[in-house]
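Work through the exercises below with the model open. Each task is followed by a stepwise solution.

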Amino acid sequence: MSDHQNIKLEMSKVLKVFIGRVMWMKSVYYIYQALYEQKEDRNLLEEIALSFFSDLNKILKEYLTLEFCKITDPPQSLGGKNSNVTVDYFVEKLKDTGICDNSELKKYQEELKNFTEQLKEARHKRIAHLDYEMNVERGNESLGAFEEGLEKIFLKNLWDFCNKTFGISFYIIN
């Protein structure tokens with residue numbers, strides 16, 4: 001099998017996993033949005049089962065924070081032993097093929113990372129790890145806050161990245 005055929009096969013497999021993950025992330029976000037961003041619905045939910053929906057709110061926020069950050073992780077794990085299926089993975093792989101100018105992908109990459117930079121401390125200190133200082137000494141301090149609506153822009157940019165990557169990969173595959 002030629003190098004070009006190997007690239008085609010790898011890109012189609014990895015892209016399927018990546019887009020599936022993005023679609024799952026968007027589904028979870030839509031659930032969160034439906035449950036918690038409509039004030040009337042939120043009041044009704046709180047009246048019905050305050051602790052359940054309060055806990056679910058926290059679970060969804062933490063999960064989305066983790067997923068948003070994971071999708072923009074480096075293409076290699078620390079130490080370089082394992083590859084990660086991330087935005088960076090596709091930017092690097094498509095650059096390596098030499099088949100396309102990935103400047104548009106790099107623009108999306110930068111915008112996506114700008115958003116997740118605001119979430120990283122929450123991910124690293126509260127969600128993925130129980131950092132002593134942040135959870136014991138500074139436990140009431142808010143982490144991962146961002147301007148309202150930026151998550152919608154993030155998801156739109158991520159979906160546009162998927163569409164652009166699919167278009168380039170489709171070109172490579174055919």
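**Exercise 1. Classify the residues that line the largest pocket, then locate them.**

Step 1. Sort by class. The lining of the largest pocket divides into 11 nonpolar, 4 polar and 10 charged residues. Here Ala, Val, Leu, Ile, Met, Phe, Trp, Tyr, Cys and Pro count as nonpolar, Asp, Glu, Lys and Arg as charged, and the others, Gly among them, as polar.

Step 2. Note the basis. This is a predicted model: local features need pLDDT of at least 70, side-chain atom pairs count only at pLDDT 80 or more, and totals for chains, interfaces and linings use all residues. Residues are numbered from 1 along each chain as its sequence is written, and side-chain values use heavy atoms, with hydrogens and water left out.

Step 3. On a 1 Å grid over the protein atoms alone, a pocket is an open set of points where a 1.4 Å probe fits, with protein on both sides within 12 Å along at least five of seven lines; lining residues have an atom within 4 Å of a point.

Step 4. Give the volume. The largest pocket holds about 720 Å³ of space. Of its 25 lining residues, Lys61, Thr65, Leu143, Gly144 and Phe146 are the closest to its centre. A volume is the space filled by probe spheres set on the points, which are joined across faces, edges and corners.

Step 5. Assign helices (DSSP runs of H or I, at least four residues, numbered from the N terminus). At least two lining residues come from each of α1 (3–36), α2 (39–70), α5 (120–127) and α7 (150–173). α2 gives the most, with 7 residues.

**Exercise 2. Describe the second largest pocket.**

Step 1. Its volume is about 180 Å³.

Step 2. List some of the lining: Val17, Phe18, Arg21, Glu67 and Lys70 are among the residues there.

Step 3. Sort them. The second largest pocket is lined by 4 nonpolar, 2 polar and 4 charged residues.

Step 4. Assign helices. α1 and α2 each supply at least two lining residues. α1 gives the most, with 3.

**Exercise 3. Which residues of helix α3 are buried?**

Step 1. Apply the cut-off: buried means under 20% relative accessible area (1.4 Å probe, protein chains only).

Step 2. Read along residues 87–97. Val87, Asp88, Tyr89, Phe90, Val91, Leu94 and Thr97 are buried.

Terms used
Buried means under 20% relative accessible area, exposed over 50%, partly exposed in between (1.4 Å probe, protein chains only).
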